[in-house]
Amino acid sequence: MDFNFTSDLVGFWNLFVVVIVAVSVIGCGVFLWVQGSAKFKPGEVTGHVWDETLEEYSNPLPNWWRWMFYITVVFAIVYLALYPGLGNNRGMFGWTMRGQYDEEMKAAEAKYGPIFNKFLQQDVMTVAADPEAREMGQRLFVTYCAQCHGSDAGGGPGFPNLKDNDWLWGGTPEKIKETITNGRMGVMTPKGTKPDMDAEQVKDVVAYVRSLSGLSHDSARAQRGAELYPQACAACHGPDAKGNPEAGYPNLTDKVWLYGSREETMIETVTKGRQNQMPAFGEFLGPAKVHLLTAYVWGLGGGVKPAPAAPQQAEAAPAAATSGEAAPAEQK
Amino acid sequence: MNQPAEKNNAAAPAEEVVTLYKSRKKIHPRSVTGRFANWRWVFVWLTQLIYYGLPWIPWDDRQAFLLDIVNRKFYIFGLVLWPQDVFFLAIILIISAYSLFLFTAVAGRLWCGYTCPQTVYTEIFMWIEKMIEGERPARIKLDQAPMDARKFRLRALKYGSWALFAWWTGFTLVGYFTPIRELWTEFWTWNLGPWETFWIFFYGFMTFLFAGIMREQVCLYMCPYARFQSVMFDPDTLVITYDVERGEPRGARRKGVDPKSVGKGDCIDCGICVQVCPTGIDIRNGLQYECIGCAACIDGCDEVMDKMGYPRGLIRYTTEHAMERHWGKKEILRHVVRPRIIVYTLILLAIVSGLIWGIANKPDLRVNVIRDRGVLAREVEGGLVENIYRLQVMNVSEQPHRYRITVSGLDGIQLEGEPVLEVEPATTKSFSYAVRVPPEAAPKGSHTIYFDVKAEGNEKIAVHEKATFLMP
């Protein structure tokens with residue numbers, strides 16, 4: 001259709017492919033044509049011998065078979081005109097793998113979209129209570145989240161447990177949706193805000209932090225660590241070490257440890273720092289699936305009820321859900 | 001009339017030069033009656049009653065025989081096959097292949113002559129043709145006649161009847177994959193899905209084309225079996241043979257004349273054996289790859305022998321050795337039992353018993369244990385080590401079941417989560433489970449543990465499945 005000579009035919013390897021394909025197809029046609037008028041004596045042997053005595057005789061093939069051969073040649077020419085195959089030529093249909101993928105995705109979206117979208121109208125807690133939505137949410141979770149958080153959502157070293165009520169970035173529906181949509185970056189700088197700490201001081205700080213959550217520790221070290229803590233850690237984890245979910249700083253006084261509670265692990269964490277990333281799924285999954293996943297994760301048991309502090313705003317929950325939905329749309 | 005066109009072909013002078021392609025000579029086989037023709041009709045009825053009847057048989061609230069590809073369940077009477085049972089299909093194919101080897105080694109192309117769909121449908125289509133257009137001479141005449149009202153009427157009737165029959169064949173085929181009663185209403189209310197429509201008409205068209213139009217061309221040029229069956233033959237294989245010694249020199253003579261007195265053999269050269277041959281060969285030229293073993297020539301020749309008052313069997317089922325060594329029936333039968341036949345039979349018996357054993361012992365429950373790969377092992381409160389598994393529980397039976405799950409294999413091993421689960425009949429469900437082990441139970445590395453899934457109330461339905469537990 002839009003055959004562009006300069007871009008479609010130029011280039012050695014392109015021409016190489018074009019010539020091989022064209023010569024093969026036309027060659028087959030010419031060969032058939034020549035064979036059609038070739039003559040031989042019936043009962044003549046071709047000279048091919050197998051297994052000592054098995055010889056091939058020249059026996060004529062029925063004409064209809066020859067026409068089938070011609071049909072294959074015509075098929076090849078038609079195919080190469082319509083579809084890519086002749087070097088860079090895109091074919092009249094402009095077919096591409098990518099295009100077919102997009103088309104199939106569009107068809108799937110048209111078919112399954114309404115099933116997902118109907119939950120978009122409901123707030124997260126209603127969806128979380130719906131058994132059908134939970135089942136769909138679980139399937140989505142196993143597909144998109146289980147690789148890191150485990151199929152039971154229990155997490156693993158470096159990947160948070162989603163079933164408990166400890167939330168690095170907050171466990172309300174809005175916060176969970178925000179996390180899934182935009183992803184999160186968790187950063188612990190090496191040696192916190194006191195980069196001049198030596199190895200012994202690091203051990204002291206670790207001992208102090210261990211004491212906060214009731215882990216075994218050397219109390220002399222812990223005492224020294226308590227003095228270092230305000231300079232080294234308090235800026236992020238807070239003077240009371242309860243963390244700050246607004247910025248994703250973990251609570252150091254509970255029993256939940258993202259990288260494990262062994263002393264060596266904690267020393268490594270403080271010495272080298274940590275970098276952690278949750279990828280953004282908003283664009284990839286679309287608002288409806290994110291909504292279902294939010295409800296599923298929220299409903300796993302550790303979810304925090306949204307905004308109970310404002311009783312006069314009884315209608316706040318649906319409003320919050322609406323603003324949450326709008327967020328991915330605004331991004332586009 | 002006694003000089004059919006086919007004969008010229010065989011006697012072509014060696015100097016003749018031909019092209020690599022030849023146009024088809026239409027064959028008008030003359031119909032035969034006799035022992036072997038009766039056998040063929042028995043097999044036509046048998047195979048077609050099964051083919052057209054099977055999908056209509058009900059079973060409980062479903063079709064007795066249904067290959068439900070969409071839901072990946074094959075229903076065969078009381079048996080439900082899942083994709084996991086696909087090896088049964090492989091075994092059935094192996095059994096078919098060995099049966100073919102066995103039958104071929106014993107008596108040549110029995111499959112081709114009596115039960116091959118190409119033969120069976122050609123037989124049916126030729127019967128329709130004979131009913132409408134008449135016997136061989138009438139058909140030859142009709143073919144040569146110019147198109148007029150009568151010819152047009154006969155042709156329309158013939159092709160119409162063929163098309164109707166072919167459509168029924170295609171419809172039945174789809175009825176094996178879609179419930180046939182629903183398909184029937186769907187068809188008449190014009191509600192067929194695109195694939196159903198395609199397969200009904202595609203299979204119908206192919207039946208029409210192969211059985212009505214192509215006929216012997218399929219056997220001669222398309223069928224691979226025609227090409228390799230020769231390797232299954234040996235000198236003790238029963239084949240259809242013309243008794244040259246008894247028949248030659250052939251020639252016409254009056255009825256009741258003793259052939260020896262005129263210096264001739266028993267063959268009166270009537271050409272019946274050539275006229276009745278559906279592949280258009282002359283069996284008197286010896287065994288040829290075109291011969292599908294239908295025995296029409298035997299029936300035709302026997303009839304002529306009876307009329308002439310000669311003994312039957314100028315053309316008969318016999319073996320190469322029997323011809324050479326003048327064996328009787330007894331010796332032929334004695335040579336049926338030979339190493340090749342014994343080996344084929346033993347292998348066939350072994351595989352058939354294997355299939356029966358396999359189907360009889362088909363489990364009612366299947367369990368796949370899939371360890372979470374992303375999360376290798378995690379530490380939980382109390383210092384326990386936890387691994388996560390997904391159990392895919394397939395209730396292969398047609399009743400709902402409650403299953404109880406236990407784990408074993410390491411000291412202090414325990415299962416977290418609801419140990420009882422319910423699965424509806426013929427469904428698969430997935431469940432996540434955490435398994436916890438005290439850190440001192442095993443050294444670092446991977447360890448084998450076992451999941452036991454047992455149906456409540458029926459201890460026989462149980463699966464003992466191996467899994468791996470990782471210690472960090």
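Predicted model: local features only at pLDDT ≥ 70, side-chain atom pairs only at ≥ 80, totals over all residues.
Trainee: What makes A:Asp152 and B:Arg378 a salt bridge?

Mentor: The side chains of A:Asp152 and B:Arg378 approach to 3.1 Å, N to O. The cut-off is a Lys or Arg side-chain nitrogen within 4 Å of a carboxyl oxygen of Asp or Glu, so the pair qualifies. The count between chain A and chain B is one salt bridge.

Trainee: What else describes the contact between chain A and chain B?

Mentor: In chain A, 31 residues are in contact with 24 residues of chain B. The area buried between the two chains is about 2400 Å², and carbon and sulfur atoms give 59% of it. Eight residue pairs are in polar contact between chain A and chain B, both residues being at pLDDT 80 or more. On the side of chain A that touches chain B, α2, β1, β4, α3, α6 and α7 each supply at least two residues. The largest share, five residues, comes from α3(A). By class, that side of chain A holds 14 nonpolar, twelve polar and five charged residues.

Trainee: How do you know that β4(A) pairs with β2 of chain B?

Mentor: Two bridges join these strands, which run parallel. A:Pro62 stands opposite B:Lys22 in β2(B).

Trainee: Within chain B, what is the sense of the pairing between β8(B) and β9?

Mentor: The strands β8(B) and β9 pair in the antiparallel sense, over four bridges. B:Ile240 stands opposite B:Tyr317 in β9(B). From β8, B:Val239 and B:Thr241 point one way, B:Ile240 and B:Tyr242 the other way, and all are buried.

Trainee: Why is B:Arg40 called buried?

Mentor: The relative accessibility of B:Arg40 is 3%. Buried means under 20%, so B:Arg40 falls in that class. This residue of helix α2 of chain B touches B:Gly113, B:Tyr114, B:Thr119, B:Glu123, B:Cys294 and B:Ala296, leaving aside residues up to four places away in sequence.

Trainee: Why is A:Asn117 called partly exposed?

Mentor: A:Asn117, in helix α4 of chain A, has a relative accessible area of 31%.

Trainee: Is B:Arg215 buried or exposed?

Mentor: B:Arg215 has 7% relative accessibility, under the 20% limit, and is therefore buried. B:Arg215 also has a positive phi of about 45° although it is not a glycine, and its place is in the loop between α9 and α10 of chain B.

Trainee: Which peptide bond is cis, ending at B:Pro249?

Mentor: The bond from B:Glu248 to B:Pro249 is cis, with omega near -10°. Most peptide bonds are trans. B:Pro249 lies in the loop between α12 and α13 of chain B.

Trainee: How do you know that B:Asp85 and B:Lys362 form a salt bridge?

Mentor: The closest N and O atoms of B:Asp85 and B:Lys362 are 3.7 Å apart, which is within the 4 Å cut-off, so the pair counts. B:Asp85 lies in the loop between β7 and α3 of chain B and B:Lys362 in the loop between α17 and β10, so the pair ties together parts that are 277 residues apart in sequence. Both residues are buried.

Trainee: Why does the salt bridge of B:Arg436 and B:Glu386 tie together separate parts of the sequence?

Mentor: The side chains of B:Arg436 and B:Glu386 meet at 2.6 Å, N to O. B:Arg436 belongs to strand β16 and B:Glu386 to strand β12 of chain B, so the pair ties together parts that are 50 residues apart in sequence. B:Glu386 has 4% relative accessibility and therefore counts as buried.

Key
Residues numbered from 1 in each chain as written. Chains lettered and ligands numbered in written order. Heavy atoms only, no water. Contact = heavy atoms within 4.5 Å. Buried area = accessible area lost by both parts, 1.4 Å probe. Polar contact = N/O pair within 3.5 Å; in protein donor to acceptor, adjacent residues only side chain to side chain. Nonpolar A, V, L, I, M, F, W, Y, C, P; charged D, E, K, R; others polar. Pairing = 2+ DSSP bridges. Buried < 20%, exposed > 50% of the residue type's maximum accessible area, 1.4 Å probe, protein only.
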